[in-house]
Protein chains: 2
Amino acid sequence: MNTIVMKFGGTSVANIDRIKNVADIIKSKKKNSIKIVVVVSAMAGVTNDLCEKSKAISKNFSNEEYDVLLSSGEQVTSALLSGCLIDKGVKARSMLAWQIPIVTEGQHKNSRILSVNSKSIFKYLDEDYVVIVPGFQGISEQMKISTIGRGGSDASAVAVAKALNADRCEIFTDVEGIFTTNPQICNEAKKIEKISYDEILEMSSLGAKVMQSSSVQKAMMNNVEIFVKSTFSPEKSGTQILSDDKISYNKVITGVAYTNDDAKITLIGVKDKPGVASAIFKPLNDQNIIIDMIVQNISADSKKTDVTFTVKRDDMPKAKNIINELKKNIDYDDLLTDAKVSKVSIVGAGMITHPGVAYKMFDALSSKNINILVISTSEIRISVLVNDKNVELAVKTLHSVFELD
Amino acid sequence: MNTIVMKFGGTSVANIDRIKNVADIIKSKKKNSIKIVVVVSAMAGVTNDLCEKSKAISKNFSNEEYDVLLSSGEQVTSALLSGCLIDKGVKARSMLAWQIPIVTEGQHKNSRILSVNSKSIFKYLDEDYVVIVPGFQGISEQMKISTIGRGGSDASAVAVAKALNADRCEIFTDVEGIFTTNPQICNEAKKIEKISYDEILEMSSLGAKVMQSSSVQKAMMNNVEIFVKSTFSPEKSGTQILSDDKISYNKVITGVAYTNDDAKITLIGVKDKPGVASAIFKPLNDQNIIIDMIVQNISADSKKTDVTFTVKRDDMPKAKNIINELKKNIDYDDLLTDAKVSKVSIVGAGMITHPGVAYKMFDALSSKNINILVISTSEIRISVLVNDKNVELAVKTLHSVFELD
């Protein structure tokens, strides 16, 4: 191994003691004479505090100045960590986005990284420095600071790893890795050793957040191997994220994920004619309401149908209002809503080659008297909507049936 | 008037409401279509907080990273103020040191500004932007952040004013200007309308701090006219600092200043021979103890003399130890110390052309039974050391006698 990128999130650098702990992790790694670039987030709470300050000034605070403001948070962590390493006898230096530079598309608040000048970083790596890079920030071609969205330090780490052609990219967080399901509701949850980019994308969009989805996509596109590890138990192996052709699947599914912030809306007796689906979903989309699962039953007499879909629980009142407004344009008999539903999913690249997975899932749930409200599937995922009260039992049952215990 | 520089210190931007107040001051000035550059300090408390963080990491925190760390404070204020102006409908943008650039000598923690690229600033001034520049920060020719010492925002303001050939440089602070003496101990203190660079330098080294001395010197060398004004009563005229040839002195003295952190040390019966003064003061200097007033009486028999000098009260124990150590090399009979002494000074360029000022001062103090312990003078200043308990009376008496009431 030659070059690695290590990324530490906000909770990992939340205070001076934790920064010292991070410096120790880096120092012990540095012993093996590898080149190390460290990407850091702002100390936990700092970004929110800066954000609040901008809001106290204006609800429409300038996007350009927002980026100047928020990027200071990562600058502080970089300087503190670099100073801490130097204090521990490790050659180190911070390199801010403009010093490297990390060049972005230039959009403010939510930009994308175009390039990272690896030459300037290697100049110091070759002199045996540990280089500390603030995450989340870049500069535009017009030399303005532009940030890459909340949680953007993951994207910075992946972009730096790609630019340096690093051997690995280690994402340090407050959990030991990615688990087969949430250990808090299922004691039998196990840490996953290897998981594919596709699977982690399905898992994280289903609530198992350890890394920003767009960063996983970027890692996948550039084939950057990622290791998710715990800052608080760095000696443990963590979870490796890599392409599925490098994983031999001995299990049908990799994990059981769930969300508990869904709500279900059903329009009963919608007149079944072309364009009706569009008439329902366009106004919701216009109001930035994200629609997840959609089910439409074929009507017996081909004249009327029922349409069911799910939205985030927070969006439910807004969605209901819009649907009530629609009554003028769309003819439906009744509107039913249920804010106490959750989505339970099984995810696994292994299911592609194993038929009967869906049946096995439905059968297992039925054996526990869990009613399935809605079903949706992708190539490597099957999701069902159940009543909130059944979530824990559903997760435990599926975890056991698919031999993840 | 065409171009002005306005500088706001830490207390002026201490919280969001104060930043809004500063934006209002700038906005009302901007009405007259002048070009405005604003230099800001970090919000009060921020620099100390960052400084504490660095100390919590290491007593010998890296100077380079210290500069990266501390410069974030002014970056935050710049972004908030710029965003606030934009919110109030004023075209504004922040320009950080590296964006301008402001180039320093490159030394860390206490650098000096070499140049300010006025072209990049004028580019935006010409497009009618208010440009917000963080004080205290610059970059070296090696593209590293280097700060210019605590209180360095004054120096930044003067350097920017010089580079832009600004018509004036306004220093906004929490007092209404420079007073003939401290209003807290003398009700009759009046605001000074005009004061020379030399006088303000004498005043500020004597405790009347409104501006960093090195910044006044820089303003004097470059003939930058300064207006000291209050952020909280911006409508008031404040105090103008300019060269003495532009002031017509109708009063003999301009102000009465005092310090109350002095201590007096006397060596009794020192053998009077060449080299003895050096033998006393060299070891004190080596230990960074600043000596202020020095008096040596001629001895009656030309064999023994008494040497008196003052140091800062905090340095007194250290100085006493050094002098005790000296006993081995220097022959003296006794060591007397007094930590309850204060220096009272009259300052005024007018005294150059008025003889008898010293006599008038000593006579006035004597009439109040105030004993003078030590005397020292410069061209535009006469200082006397008195017992702490006499300070207030001495200041009031001199303020009245020299017609400042």
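Figure 1. B:Gln137 belongs to strand S7 (residues 137-139) of chain B; strands (E, at least two residues) and helices (H or I, at least four residues) are DSSP runs, numbered from the N terminus. Not counting residues up to four places away in sequence, B:Gln137 touches B:Ser71, B:Glu74, B:Ala97, B:Ile145 and B:Thr147, where contact requires C-beta atoms, placed from the backbone, to lie within 7 Å. From C-alpha to C-alpha, B:Gln137 and B:Ala155 are 10.0 Å apart in space, and they are 18 residues apart in sequence. Residues are numbered from 1 along each chain as its sequence is written, and chains are lettered from A and ligands numbered from 1 in the order in which they are written. Because the model is predicted, local features need pLDDT of at least 70 and side-chain atom pairs count only at pLDDT 80 or more, while totals for chains, interfaces and linings use all residues.

**Figure 2. The open sheet of eight strands in chain B**. The strands follow the order S3-S6-S2-S1-S9-S11-S12-S10 with mixed pairing, two strands being paired if DSSP finds at least two bridges between them. Strand S3 (92-94) and strand S10 (194-196) of chain B are the edge strands, each pairing on one side only. From one strand to the next, the twist averages 25°, an angle taken between N-to-C directions on a scale from 0 to 180 degrees, with axes being lines fitted to C-alpha atoms, for helices over the stretch in contact. Strand S1 (residues 3-8) of chain B is mostly covered, with five of its six residues buried, and S1(B) runs parallel to S2(B), to which six bridges join it. Strand S2 (residues 35-40) of chain B also pairs in the parallel sense with strand S6 (residues 130-134) of chain B, over four bridges. B:Val40 of S2(B) is the bridge partner of B:Phe8, and B:Val40 has B:Pro134 as its bridge partner in S6(B).

**Figure 3. B:Val38 and the largest nonpolar core**. This core has 241 residues, and those with the most contacts inside it are A:Val38 and B:Val38; a nonpolar core is a set of buried Ala, Val, Leu, Ile, Met, Phe, Trp, Tyr and Cys residues joined through C-beta atoms within 7 Å. Domain 1 (3-174) and domain 2 (256-401) of chain B both give residues to this core, so it lies between them, the domain bounds coming from an automatic or database domain assignment. Leaving aside neighbours within four places in sequence, B:Val38 is in contact with B:Met6, B:Phe8, B:Ile26, B:Leu81, B:Val130, B:Ile132 and B:Val133.

**Figure 4. Helix H3 of chain A packed with helix H3 of chain B**. The two helices, each spanning residues 63-87, pack at an angle of about 170° with their axes 8 Å apart. That angle makes H3(A) roughly antiparallel to H3(B), a description used for angles over 145 degrees, whereas those under 35 count as roughly parallel, 65 to 115 as roughly perpendicular and the rest as oblique. Among the residues making this helix contact are A:Ser72, A:Val76 and A:Ala79 of H3(A), and B:Ser72, B:Val76 and B:Ala79 of H3(B). The contact between the chains takes 31 residues from chain B and 31 residues from chain A. On the side of chain B that touches chain A, H3(B) provides the largest share, 15 residues.

**Figure 5. Strand S18 of chain A and its pairing**. Strand S18 (residues 381-387) of chain A is mostly covered, as six of its seven residues are buried. Seven bridges join S18(A) to strand S16 (residues 334-347) of chain A in an antiparallel arrangement, with A:Val344 opposite A:Val384 in S18(A). Strand S17 (residues 374-378) of chain A pairs with S18(A) in the antiparallel sense over five bridges, and a hairpin joins S17(A) to S18(A) through two residues.

Terms used
Buried ≥ 20, exposed ≤ 12 C-beta atoms within 10 Å, placed from the backbone. Contact = placed C-beta atoms within 7 Å.
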